[in-house]
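Have a look at the rings first, then read on.

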Amino acid sequence: MGGERTKVFTLAEVSHHNNSKDCWLVIRGKVYNVTKFLEDHPGGDEVLLSSTGKDATNDFEDIGHSTSAVAMMDEFYVGDIDSSTIPSKVKYTAPKQPQYNQDKTPEFIIKILQFLVPVLILGLAVGIRFYTKST
């Protein structure tokens, strides 16, 4: 070991480097100064600029970079990230919602209709039978 100490940056320090003249990314716990690579990046500079100020590991890995692209990263390495400064991922929990009554009809009306509709149908059937039999 040549006595070189790896520089450790906080996410706040890295997030100051967020423009086309000074662009740093955090990928896999390491900090990269990709300013010189912005013009050469196959996906364009906007892709890299949109990943500044956060842990860009998922963005990087979702694309599926080649092994040569991964090897190229070494020349842009400037240090490590203090992992305690990266916000932990919080699992999304949907807010609880009250039970939804689609037709907005009170339940007692539904119960009354469940009783009355069959009685009315039966009454109608008896009335039709009585009327058609007497004539």
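**Notes on the aromatic contacts**

1. Phe-9 and Trp-24 are both buried (under 20% relative accessible area with a 1.4 Å probe, protein chains only; over 50% is exposed, and partly exposed lies in between). Keep in mind that this is a predicted model, where local features need pLDDT of at least 70, side-chain atom pairs count only at pLDDT 80 or more, and totals for chains, interfaces and linings use all residues. Residues are numbered from 1 along each chain as its sequence is written, and side-chain values use heavy atoms, with hydrogens and water left out.

2. There are three aromatic pairs in the structure (rings of Phe, Tyr and Trp, the last by its six-membered ring, with centres within 6.5 Å; planes under 30 degrees apart are stacked, over 60 edge-to-face, the rest tilted). One of them is Phe-9 with Trp-24, edge-to-face at 5.0 Å centre to centre and 80° between the planes. That pair links distant parts of the chain, 15 residues apart: Phe-9 is in strand E1 (residues 8-9) and Trp-24 in strand E3 (residues 22-27). Strands are DSSP runs of E with at least two residues, helices runs of H or I with at least four, numbered from the N terminus.

3. Next, Phe-37 and Phe-76: the planes are at 45° and the centres 5.5 Å apart, so this pair is tilted. Phe-37 counts as buried at 16% relative accessibility, and Phe-76 counts as buried at 12%.

4. Lys-7 lies over the face of Phe-9, 5.3 Å from the ring centre (NZ of Lys or CZ of Arg within 6 Å of the ring centre and within 35 degrees of the ring normal). The charged end of Lys-30 sits over the Tyr-77 ring, 5.4 Å from its centre.
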